[in-house]
Structure formats: structure tokens, C-alpha cells
Amino acid sequence: MIEHLLQSPPGWIHFLIFFCLGAILLAIVLGFVTYAILAERKVLGFMQIRIGPNRIGGRFGLLQTVADVFKLLIKEDIIPKLADRPLFILAPILAFAPSFLVLAVMPFSENVKFADIGVGLLYYIAVSGISAIGMLLGGWASNNKYSLLGGMRSAAQMISYEIPLVMSVIGVILFTGSLNLTDIVEGQKHVAYMFLSPIGFIVFFISSLAELSRTPFDLPEAESELVAGYHVEYSGFRWAFFMLAEYVYLFAMASLMTVLFLGGWNPIPFLGFIPGVIWFALKFSLIVFIMIWIRGTFPRIRADQLMEFAWKVLLPLALLNIFVSAAVKELFLK
Amino acid sequence: MELETIRSYDWGIMAPELIILGAATILSLADLLMPKKASRRYLAIFAFLGVACALVALFMQLDNGVISILADTYRFDSFSKAFKLLFLIGTGLILLLAFDDRKGERDEYRGEFYYLLLTALLGAMMMASSADMITLFVGLELLSLSSYIMAGLRKRDRQSNEAAFKYVVNGGISTAITLFGMSYIFGLTGETNLYAIQNALGDPTILQNQFLLVFAFLITFVGLSFKIATVPFQMWAPDVYHGAPIPVTAFLSVVSKAAGFVIMIRFLLVTFIAAPGVAEKPLLQEVQPYLAILAGASMIIGNLIALRQRNIKRMFAYSSIAQAGYILVPFAVISGLMFEAVWFYLLAYLFMNIGVFAIIQLVTAKSGSTDISSFAGLYRRSPWIAVCMTIFVLSLAGFPATAGFIGKFGIFMSALSTGAHYWLAGIMIATTVVSYFYYFNVIGQMFFRSEEEAGKVSIPGGVLTVTAVCVISTLVLGILPHTALEFFYNQFDLSQFFTPTK
Amino acid sequence: MTGEMIAFFILALVAICGGVFMIHSENVVHMVVSLIFTFLSIAGIYILLSAEFVAVVQVLIYSGAITIIMLFGIMLTKHDPKSEKRIAKSRILAVGTGVVAFFIIMFLAINKLSFKQQDVELYVHNVKKIGIELYSKYVIPFELTSILLLVALIGAVVLAKKDESEEMNEHE
């Protein structure tokens, strides 16, 4: 259908259709975010032998997050007097918008995808980099030394881990010979790339944890030790925007990992009768679960260890992965 | 393009560049693995050996005709070998000079200096041996970037910091301007190969944009004039030459400047040789007045401001602006004599200027100041050094029986050969006369002032070699210029320069 | 007026405004933010030209680079907008005249631009074509660029690293 729409001449109807499609995706993503937060709290509770949210919305606390968000929205909107007002307002938008923009290229199944562009993977990496600017900007515009330090910390982490993240997918690009995400999934018909480039997968997974600033790399907002991060001065719905961006990135990153390494909507052999979207959802949920699991079990690492780990461990490993992947391709896939 | 096609090229022709690259790589590794406290001075010898090997490799290739690799992204022709020779000799001499510069042994001559010098040389060599806009530009940037860092290596010296900063800011602006001009040339023709551009400029549809072409030419020229330190990009030179360590200053004023002329000649002449201008005249003829104004302004500004300098390094910085102005004259006039005039002058300039800086290094290291008074009474203290300095200064001033005279004479003749450029030749004579004042001031200091501080200036081996080579070459080129010119005529074939490889 | 034209005008306007704000504002961070808008709209113009690879690389490189510039801007400047020097009126006038003259010349020059027949198939398999060109025909400048980057890296380390003797002095 999208194909057809793209071919026909432009008009207001088209604009409306695209707008609605975007709105539907946004609704799905928001739904995911709502229940991802709940799931996270539930799983963490389970791991720490607690019950977790259980009051609002029945036994399982199904409406807990909705209530939390509602609380955030009706909170007073505070902008510090000495803050740089325009930038203070701009920062959350700049942090959130890219997180939703990257979803445009994500193929969820053969049919459910929006923009099928040739440089999809590169687009994801490029656009997601803009968020770091939003965080740094938020930290600076608050005119508070703690938020500035937090912003610096986040920017340093984002930039450092982006490099192994990009390097680790080069193996996948080598196997497929394309940057198009659909082509990458198609290339995994027989075997998922996590088996062909395991080093790449591990490096990517670790770097993605850091990019999402999740435990053990959650220094940008270590609320218990470092007076939170770039968003100390934010409250209400502006703060919610930063948090939303983070969870939308969780959604996007888990989807990307599914697409790149777990074979996207491709089924496990002999189970091809189950539709692709379900497979995608299963693999995707598995990754989200593992990320929550890691949060429940790992301690936070120190800032200097954080940098050393990116530059001295992950980057060489990612470079090694490029070499190994090229060898694998030459020896086995020709 | 198949792998076979790529393999079929004669990659051996890149030997000089590859040797330099290899030497730089080994040096960087050696610097990393050596014990921290060990002196890095002996890395200079290794770097010198690398340059010498590259020179030998180049001599072995001299008899080859035009060899082009991958659509002229690397091109070996008479032009490239003539100028690569200059770069290699210049850098070799500068390395010897650096070997004996004990003043800054503690920090500025750490290993980095030697391999940055080699990468800068590599950039210059690529600028000489390519006929592709992209390679030329990357070579230019490699040279520039290495030079920026070398200028700022003396980190604890405020002047050096200032020099590096001014250099990098000015360099950035000039690069932007160059690139802006180049983008128009590329945009109009859609080609990066210089010969393809030359060819495309004959296309009648493109030729309707003559106005834009003239504009692109001038913008590119102005951008490139940064490297040769002429008007309008001359202001960085005095500060940078003053602040940088002396071997770096020598490198900037000789090799880097020659590389600037090389890229100007190669890029602008090859692309625009056949392009018509706005009026009926060819483009290159049409822009001549502008180039002549820039050349004249460089000569006047360089020589007049040099008169007022008390600092010897600044004085020679302004002198080098003026010298670049002289070399621009044949470019502004464009005649058949141009290539030999430019080449010969650059060769002569290489020897005399490196010689001057070698002696400045000796004398200022002894006295601890770069004021001109440190030369006072040098003749009584160390007569031989004073005599050598006199020879170099006379050569820079253009006195007969020195290389500088023959060079200036060649330029002068080329200015007169095409006619209607008498005024430019006039400016040249007038500014040369002006330059006598400050050049003779140095000589006067050495011979007629009483010494303020006693003490003979001792001359270490490396500088001695450099000075000896430079003195002998300056005199030989001055008395027997045909030795170099014959070599040039034998090796240089103008048709190789302007026509693409078949 | 087609949609492409509208998109172009919006992007061009944002790019120019970003540039003007960048020059005009006195606060380093504001300058950088204006730059972001300029770079992003230039990326948008590349997309209009079907050069998706260049567009994405533009965003990729500049979003990282801008963050770094901003970090440096914050670290290296004083947060005191009043310390700006006033620029003389005559100088503004001179520069303004220069800019206007430049604009007029350029406008006259590009107003009657004519091109050869353009290659219209270039956008098909854009990335692949760029890759093939880069690794075959332009492999020499490509490798030379890697040396260039290495030099820049070494240079940055050399200039920014503290000397050991300096460190020792600080400890004493």
C-alpha cells in the first residue's frame, strides 16, 4: 500500500494518510512504553522478591504507569529563572524527536514497514546521534552545575559508545552487502547473523546498553549517587519527554537488534506457519527482557572504567570482528 | 573496475612516496616503543635515510615517461619528478638542521616532529604527482595539517602556541575559499580529473558560464595563495615564522611554499589552459592583470615591511613574502619560459633560504635572542659563518655570481618576453633595490658592528653539512646555471604536462 | 510550485537563518545550536537531490562533531556575554559592502547557468556506486585521507597531552 501511495501524485489526502500512519505508530510506541515501564518494575520486583506495582488497575497494576504519566502531565511546569529559556524548551524536543524519527525505517515484518530507504541502518545511527545534542543542551540550558556535569557525562558516554556500536555492525553489512534493513533481514533467511558474527553481536549489545544509558552504564542519570544527570532541573511533562525518549530508544534499539542479529521476522525452522510479526515481537521481547534482567543483576561501573572499557576493550573487539567477519564471508559464504 | 585492472598498474612508480610513508610509520612505532627517557634525536638520522632512499628511488625512475595510475589520481610525469626532487632535497637538508637544533631537545623534537615532517613531505609529493582534484586537495590538507601541528609543537612557548593558532585559523579560512572555488569548477564540469576538466571546458554549453569560470579561477587562486604566503593571505607568515622552531620555519618557507606553487601551476594551468574568458581573450590572459596586481602587492608589501623589522626571523618572513611575489611574476605573465623560471628560482631559493635559516639557527642559539643584533661582529667571531651568511644574503638580494641572480634574471626575462608587463618588471627592480637595504643591514651587522658578546659560534656536523651544501649549490647555480638548466631541459617535457595519458 | 520546491525553500530558509543566527549571536552555545539547524537543513537538501548517502553521512558526522564543538565551547569560553568587544561601525559597513558585492556577483554568475546533459540514473543504488568508486578509482586519495586522519589524531594527542615533567611539577 505504501508503495502505491509513494508512486501516486501528492495531495492533501496523502498527507492525511501518512499523518494517520505516523499517529498509529506513535500510539503503538506509547503503548509499548507504558507497559515496558510496568514490565520493568514487575520483573525487577520479581528478581528482588517483591511484588511490584499492584494497586491501580487490578492485581497486576495495569494502570500504574498511566497514573504516573497523568501525574507528570498535571504537575506544575517549572522553568528556572536563570535558565536559558529557549534552549531549555528546545532541549527535550531535540532529545525526543530523533527517537521517534528512527522508527521510520524499521521493518517490523515483510509488510509492516514505513520508509524502505537504501541507507536505513546508517540513517538510524545518524539520527539517533542527534539526541545526544538534546541532552547536552538540556544540561547546559538549566544553568546548574550538576546538570551541566551530567550533560557532559552523557555526551561523553554517547559519543564514545557510538563508535564501537557503528563498528560492530560492519560485519553484518559485509554479510549482506547492503545498508537496507529489509535486505539485512532477507539475508538471514537461513542463519541469523548473531551466529555468524558473535563478537559483533556482543559488542553491539553492550554498546547499545550504554547508548540507552541503562545499567550497568546508567551514569548519565545515576539518581542514587550523582544527583541525577542532565535533567535535574526538569520537571513535569518536559522531564517526561526525556524519559519518553529513553524508552522509545529502548523500543527502537531492541527492534534494531532484532533486525540486525536475530533475523527479524524470519521464523525458527519448521515453525514458519506463525506470522512474521509474532516472531518479531517474540525476539524483540526477549531482548527487552534481557535488558531488564541485566538491570536487576549488575552493579553500576565507574566513570573512568566506562571510558576505558569503550576505547580499550570494545573498539579493538569491534575491529577484530570486522576482520573475522570478512574472513568468514570469504571462507564460508562464497 | 576489476581487481586485475587495479593490479595491472605500475605501482612501483609510487616507490618514493611509499618509502616516505613506510619511514613515517616505522618512526611512529619506534617513538612509541622506545624507552620514555631515551633521546629521540637519532630518529632524525633514520628519517634522513628514508628521504635519501626516496631520492635514490626517484633518480632510478627519472627515465620513465608518463605513468598514470587509476585515472591520473597518481601521475608520474616530468612536472612531478622535477618538483619532487626539490621537496626531497629540501626536507633532507631540514632534517639535518633539526638534528643539530639542541635548543628544544626537551620537548619540540620529540619523535612526533620527525614523522610529521615526513607526512608533510608526503602530502607535498602527492600534490606534485597527481592530476586529480581530490588527490591534490587531500595532499594539500595532509601538508597543511602536519604543518599546523609542527608549528605548535613547542607547547610551553607562548609564541609557538600563537603561531600554531594563527596558522590553523588562517589555514582553515583559506581551505574553505579554495574548496569553494574548486566546487564551482567541479560543479560546472562534473569531473575531478584535471585533463577531463580541461576537455569539458571546451564544451559550448559549459562555456556559457565564462563569468563563473573566471570567478572560480580567482577564488581558487586566492585560496591557494595561503600556502605560498602572498597577498592576500600573507599575514600569517611573520607570526608563524617567528613563533615556530627554526627547522619548521625553514620547512614552511621552502618546501611548503614550493608545494603551494606546484598545486597552483598544476591545477590552474592544466584546467584552464584552453578555457576562453568573458571577452574574446583566453581566460588565462584575461586574469593576468589581477595576478599581476597580487604579485606586485606581495613584492611591495614584503620588502617594505621587512625594512622595519628588528627580529631576524620576522625579517626573513617578510623577505619570503617578497620572494614568493617574485615567483608569482612568471605565473602572472604566463610564457613558455615560465616553468624553467619558476623551477630554477625555487631551486635557488631552496638552497639560499635553508642556508640562511641554518645560520640563523646557529647564531640565535648561541646568543639566545632572535634580534638582529645577535649578528653583530659575527665576522670577527666566526669569519667563515659570516662569509657563508653573506653569500646567502647576497643571493637572496639577487647579486651576480649567485643562484638568486640567475633566478631573478630568468623571471625578469619571462616578464619581458610576452610584452606589456613592463610595469611588473619595473616593480620587481624597484623592490629589489629596496630589499638591498635590509639585506645589507644584516651584512653590516656582521662586518662593521663591534661584537656585543664574545665567543666563537661553533658549528656542529649536521649544520656544517647543510651550510656547505647550500653554499656550494648557491655558487654553482650562480656561476654555472646551465648544469641545472640542462638537467631540467633533458627531463622536463612540456607536452607531458598539458596532454592526458593515452 | 511543486512540493519539492516548497521543501527546498523551507530548507534553504532554515539553513540561511541558521547561518545568520550563528554569526549574530554572542553566546557560544546559541551559535552551535544555529549550526545544527544549518547542517540538518543541508542534509535535507541532499535528500531532495536523491543523495541519501551523503545526507545521512552529513547528519552522522555533524551530529557527533557538533556535540564535541559544544563541549569545547562550554569548556573553553567564559559564560559572560558582556565581555564581547564592540565592533566599529566602519568595519561593519565595509564587511557588509563586501558581502553585498559578493552576493551580486555570484547572483549574476549563477543566474544564467547552463549545464551539460546530466546523468539522471545516479541515485539508483547510490551507496553501492559510491562504494565502488571510492575503493577502485579513488583508492589513492582514500588511503591518503586515512594518513591525514592519523596525522590529525597524533597531532591532537601531541598538542593536548600533558608532559610528564609538567605532571610532576603539579604533584610537587
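Colleague: Which chains have the most contacts between them?

Modeller: Chains B and C, out of the two pairs of chains that touch. Keep in mind that this is a predicted model.

Colleague: How many residues does each side put into that contact?

Modeller: Chain B gives 34 residues and chain C gives 25. On the chain B side, the elements with at least two residues each are helix 5 (111-128), helix 6 (133-151), helix 9 (204-207) and helix 10 (210-228).

Colleague: Which of those helices gives the largest share?

Modeller: Helix 6 of chain B, with nine residues of the side that touches chain C.

Colleague: And what does that side look like by residue class?

Modeller: The side of chain B that touches chain C has 19 nonpolar, 10 polar and five charged residues.

Colleague: OK, now chain A. How many residues of it are in contact with chain C?

Modeller: 22 residues of chain A, and they meet 19 residues of chain C. Helix 5 (120-141) and helix 6 (145-168) of chain A are the elements that bring two or more residues to that side. The largest share, 12 residues, is from helix 5 of chain A.

Colleague: What about chain A and chain B, how far apart are their nearest C-alpha atoms?

Modeller: 16 Å, and those two chains do not touch.

Colleague: Switching topic: what is chain A built from?

Modeller: It has 13 helices and zero strands. Chain C has zero strands too, with seven helices.

Colleague: Why would you call the radius of gyration of chain A in line with a compact globule?

Modeller: Because a compact globule with 334 residues would have a radius of gyration near 20 Å, and chain A has 21 Å, which agrees. Along its principal axes, the C-alpha trace of chain A spans about 65 × 55 × 45 Å.

Colleague: How much of chain A is buried?

Modeller: 43% of its 334 residues count as buried. For chain C the figure is 18% of 172 residues.

Colleague: And what share of the contacts in chain A join residues at least 24 apart?

Modeller: 77%, counting contacts between residues at least 6 apart in sequence. In chain C, residues 24 or more positions apart account for 53% of the contacts with a separation of 6 or more.

Colleague: Which domains does the assignment give for chain A?

Modeller: Domain 1 (1-74) and domain 2 (80-332), according to the domain assignment. Their centres, taken over C-alpha atoms, are 19 Å apart. The contact between them takes 17 residues from domain 1 of chain A and 16 residues from domain 2 of chain A.

Colleague: Which elements of domain 1 are on that side?

Modeller: Helix 2 (12-47) and helix 3 (64-74) of chain A each give two or more residues. Helix 2 of chain A has the largest share, 13 residues. By class, the side of domain 1 that touches domain 2 has 16 nonpolar, no polar and one charged residues.

Colleague: Last one: what does the pLDDT say about chain A?

Modeller: The average is 85, and 96% of the residues score at least 70.

Definitions and conventions
Residues are numbered from 1 along each chain as its sequence is written. Chains are lettered from A and ligands numbered from 1 in the order in which they are written. This is a predicted model: local features need pLDDT of at least 70, side-chain atom pairs count only at pLDDT 80 or more; totals for chains, interfaces and linings use all residues. Two residues are in contact if their C-beta atoms, placed from the backbone, lie within 7 Å. Helices (H or I, at least four residues) and strands (E, at least two) are DSSP runs, numbered from the N terminus. Domain bounds come from an automatic or database domain assignment. Ala, Val, Leu, Ile, Met, Phe, Trp, Tyr, Cys and Pro count as nonpolar, Asp, Glu, Lys and Arg as charged, and the others, Gly among them, as polar. pLDDT is the predictor's confidence in each residue, from 0 to 100. A residue is buried if 20 or more other C-beta atoms lie within 10 Å of its own, exposed if 12 or fewer, and partly exposed in between; C-beta atoms are placed from the backbone. The radius of gyration is taken over C-alpha atoms; the globule rule is 2.2 Å times the number of residues to the power 0.38.
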